[in-house]
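Have the model open as you read.

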Amino acid sequence: MENNPEILLAEAGRLLGEAESEADIEAVRIRYLGKKGELTAILRSMGSLDPEERKRLGAEANRVRDAIGALISEKKAERAASENDRRFAAERIDVTEPGRAYRLGQRHPITQTIDEISEIFASMGYSITEGPEVETVFHNFDALNAAPNHPSRDLSDTFYITENTLLRTQTSPVQVRTILSKEPPLKVISPGRCFRTDTPDATHSPMFHQVEGLLVDEGVTMADLKGTLDHFAKRMFGADVKTKFRPHFFPFTEPSAEMDMSCFACGGSGCRVCKGSGWIEILGCGMVHPNVLKVGAIDTERYTGFAFGMGVERIAMLKHGIEDIRLFYENDVRFLGQFA
Ligand code: DAH
């Protein structure tokens with residue numbers, strides 16, 4: 001054991017210089033100033049010295065004890081200060097920093113298109129109703145006057161869940177639900193999802209959206225249908241568009257037609273949008289078949305009606321110049337963000 005206090009002081013100073021933690025500092029205190037510490041030992045051993053020497057060493061040891069104590073306090077204060085600095089730096093808040101901007105989402109372009117269509121018909125007094133996506137064969141086909149061998153009933157076109165339930169292939173079953181649950185006059189549109197076993201490509205998707213329309217009242221004629229749908233086309237695509245009705249077949253309407261509108265992009269002279277024809281097919285429609293009205297026990301002598309159905313994706317694609325239907329379902333914000 002070293003019994004020169006000055007040397008102990010130098011040693012303690014060096015160890016404190018290297019000390020990193022509170023525990024390191026405490027270890028230095030115990031080593032020199034503790035009950036069994038080195039300096040304490042010197043002070044204890046002084047009894048055997050002659051008085052002159054005891055006095056000198058005692059004074060020196062006391063001075064060194066105070067000096068080591070002072071070094072320890074100093075080191076502790078230094079550590080506390082640097083610990084505070086570190087915490088202040090880590091927890092620093094810049095109150096002048098601008099707030100974080102939250103990016104608001106927006107309605108999906110399909111929802112926007114449905115809302116736009118709905119608003120136009122609502123302004124003509126139609127109410128909006130919805131039907132289930134999982135339907136019965138009765139509502140989707142039978143009650144809609146579809147022949148037992150109608151090709152759309154085929155397994156290769158329709159997602160069947162059981163023999164009697166399926167994913168609706170069209171929104172037309174909502175016509176049946178409306179007729180079964182309400183008395184005429186009826187004036188409803190019904191937007192929603194439909195499903196067919198189509199392989200996805202630029203213009204097909206196994207899930208897509210339609211908006212169905214149904215009006216049943218006394219004295220309704222094809223002229224009402226044409227006026228209503230012509231008005232719709234003008235509100236949706238521009239006051240200049242013209243419409244024409246081409247005979248077609250649907251099981252649930254008679255007569256049936258498809259409505260074409262003059263191309264809103266070229267005005268009818270022929271362009272890419274209308275594939276050169278000047279006309280764009282926009283929806284299916286017709287006078288409600290008496291067999292459908294009879295499902296709801298509606299007096300077909302008193303009441304007539306018209307119905308229509310349109311593809312929402314197709315309308316959105318035309319309006320926005322979108323060339324691939326699959327873009328609607330990829331949920332890429334770079335695409336969706338363009339319809340803010
Ligand atoms: N449901 C038809 C389809 O999916 C569209 C349709 C055509 C609906 C004529 C109608 C209608 O209500 O009258 O192709």
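## What lines the ligand

A total of 15 residues surround the ligand, and the closest are Q170, S172, R196, Q210 and E212; being near takes a heavy atom within 4 Å. Keep in mind that this is a predicted model, where local features need pLDDT of at least 70 and side-chain atom pairs count only at pLDDT 80 or more, while totals for chains, interfaces and linings use all residues. Residues are numbered from 1 along each chain as its sequence is written, and side-chain values use heavy atoms, with hydrogens and water left out.

Which strands each supply at least two residues of that shell? They are β5 (207-218), β8 (279-288) and β9 (303-311). Strands here are DSSP runs of E with at least two residues, helices are runs of H or I with at least four, and both are numbered from the N terminus.

## Polar contacts and cover

R196 puts a side-chain N or O atom 2.8 Å from an oxygen atom of the ligand. For Q210, a polar side-chain atom sits 2.9 Å from a ligand oxygen, and F308 has a polar backbone atom 3.2 Å from one. As for cover, the ligand on its own has 350 Å² of accessible area, and the protein covers 89% of that (Shrake-Rupley method, 1.4 Å probe).

## The sheet and its helices

Seven strands make up an open, mixed sheet, ordered β1-β4-β5-β9-β8-β7-β6; pairing takes at least two DSSP bridges between two strands. At the edges are β1 (127-128) and β6 (243-250), each pairing on one side only. Inside the sheet, β4 (residues 186-195) and β5 run antiparallel to each other over ten bridges, with K187 opposite L215 in β5.

Helix α7 (residues 173-181) packs on this sheet, touching β4, β5 and β9, and its direction makes about 35 degrees with that of β5. Helix α5 (residues 109-122) lies across β1, β4, β5 and β9, at about 165 degrees to β4. Those angles run from 0 to 180 degrees between N-to-C directions, using axes fitted to C-alpha atoms, for helices over the stretch in contact.

## The β6-β7 hairpin and T243

A hairpin of two residues links β6 to β7. β6 pairs with β7 (residues 253-262) in the antiparallel sense over seven bridges, and F245 has M259 in β7 as its bridge partner.

T243 belongs to β6. What does the side chain of T243 make a polar contact with? The partner is the side chain of D230, at 2.6 Å. (A polar contact is a pair of N or O atoms within 3.5 Å; within protein, one must be able to donate a hydrogen and the other to accept it, and sequence neighbours count only if both atoms are side-chain atoms.) Leaving aside residues up to four places away in sequence, T243 touches D230, A233, M259, D260, M261 and W279, with contact meaning heavy atoms within 4.5 Å.

Most residues other than glycine have a negative phi, and most peptide bonds are trans. P184 and P185 are joined by a cis peptide bond with omega about 5 degrees, and P185 lies in the loop between α7 and β4. Another cis bond joins E254 and P255, with omega about -5 degrees; P255 is in strand β7. K275 has a positive phi, near 55 degrees, and lies in the loop between β7 and β8.
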